[in-house]
Amino acid sequence: MSRNDQKMSKDEIFKDTDAEAGSFEFNKTVADVFPDMLRRSIPGYDASIDAIGALAARYVQPGTRCYDLGCSLGAATIAMRRNISVPDCEIHAVDLAPAMVQRCRSEVEKLEGTTPVSVSLADIRDIDINHASMVVMNYTLQFLPVAERVSIISRIREGMTEGGVFVLSEKVADEDPAVEALLIDLHHEFKRSNAYTDLEISRKRTALENVLIPETIATHLERLSEAGFAHSGVWLKHFNFVSIVAIR
Ligand code: GEK
């Protein structure tokens, strides 16, 4: 399956739903429309997946593991698998949502290639990370409690091989309130241009409140440095969405 082959059912979740329906959940309804939702909602999403492929070709070391943490339907897993050019690697994809894991497994089964892939239903906070030359958290850390983020990043760094790469993509907040307001506005304009209505945008925003908690770029870079990553930097920024690369 490629990005372009993924079944693209249209995301209309917040079109008819009552605004008071509750917090956002990664359930079957979301899984069914997920590729469409991500592409119409996250500026830079496709670029992040392309870069994960390019980084896999460059950084994955023979005989090591690759992790896709918060894999959803496996777009990053598929990008890694297509681009790993060294022998004896394994890819471990992990997600907490049963609907995501079920669909991810069926997408992975369709893949050709030699690198074995396991898809696990698990909480990122409970898994072991060992001998990893590549770890991806593509728009996932933002859903974990802020207080637990430092220990997750430290465990990732500890489980990585020397010279391994960590890709961290996130929605971020800006320190400057005026810039923050502008970036939110530009993001909403991006969504309107992708055929979401104002009502859908505002309902989704309410549903994500206290579920998706963005931090500043400075906070992410400081945390990576404190966790012991030798190098880190933003390689992609589109409005209030970034992708950071860190090297152990
Ligand atoms: C992509 N990376 O297409 N443990 C495991 N999974 C979790 C946890 C947790 N504690 N919390 C949330 N998730 C994908 C996109 S989506 C991004 C990632 C978005 C999972 C959750 O179930 C969902 O599948 C994923 O993280 C976030 O590149 O929806 O904006």
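Student: Is helix 4 mostly covered or exposed?
Tutor: Mostly covered: in this predicted model, seven of the nine residues in helix 4 (residues 75–83) are buried.

Student: Which ones are buried?
Tutor: In helix 4 they're Ala-75, Ala-76, Thr-77, Ile-78, Ala-79, Met-80 and Arg-81.

Student: And what do the buried residues of helix 4 pack against?
Tutor: Quite a list: helix 3 (45–59) and helix 5, plus strand 1 (65–69), strand 2, strand 3 and strand 4 (132–138).

Student: OK, strands now. In which sense do strand 2 and strand 3 pair?
Tutor: Parallel, over five bridges. Strand 2 covers residues 90–95 and strand 3 covers 117–121.

Student: What stands opposite His-92 there?
Tutor: Ser-118, in strand 3.

Student: Switching to the ligand: how many residues surround it?
Tutor: 23, and the closest are Tyr-45, Gly-70, Ser-72, Asp-95 and Asn-138. Helix 2 (28–41) and helix 3 each supply at least two residues of that shell.

Student: Which polar backbone atoms come up to a ligand nitrogen?
Tutor: One belongs to Gly-70, 2.8 Å from a nitrogen atom of the ligand. Another is from Leu-96, at 3.2 Å from a ligand nitrogen. Ile-124 also has a backbone N or O atom 3.0 Å from a nitrogen atom of the ligand.

Student: And how much of the ligand does the protein cover?
Tutor: 95% of the 660 Å² of accessible area that the ligand has on its own.

Technical notes:
Residues are numbered from 1 along each chain as its sequence is written. This is a predicted model: local features need pLDDT of at least 70, side-chain atom pairs count only at pLDDT 80 or more; totals for chains, interfaces and linings use all residues. Side-chain values use heavy atoms; hydrogens and water are left out. Two strands pair if DSSP finds at least two bridges between them. Helices (H or I, at least four residues) and strands (E, at least two) are DSSP runs, numbered from the N terminus. Buried means under 20% relative accessible area, exposed over 50%, partly exposed in between (1.4 Å probe, protein chains only). Contact means heavy atoms within 4.5 Å. A residue is near a molecule or strand if one of its heavy atoms lies within 4 Å of it. A polar contact is a pair of N or O atoms within 3.5 Å; within protein, one must be able to donate a hydrogen and the other to accept it, and residues adjacent in sequence count only if both atoms are side-chain atoms. Accessible areas come from the Shrake-Rupley method with a 1.4 Å probe; for residues, only the protein chains shown count as cover.
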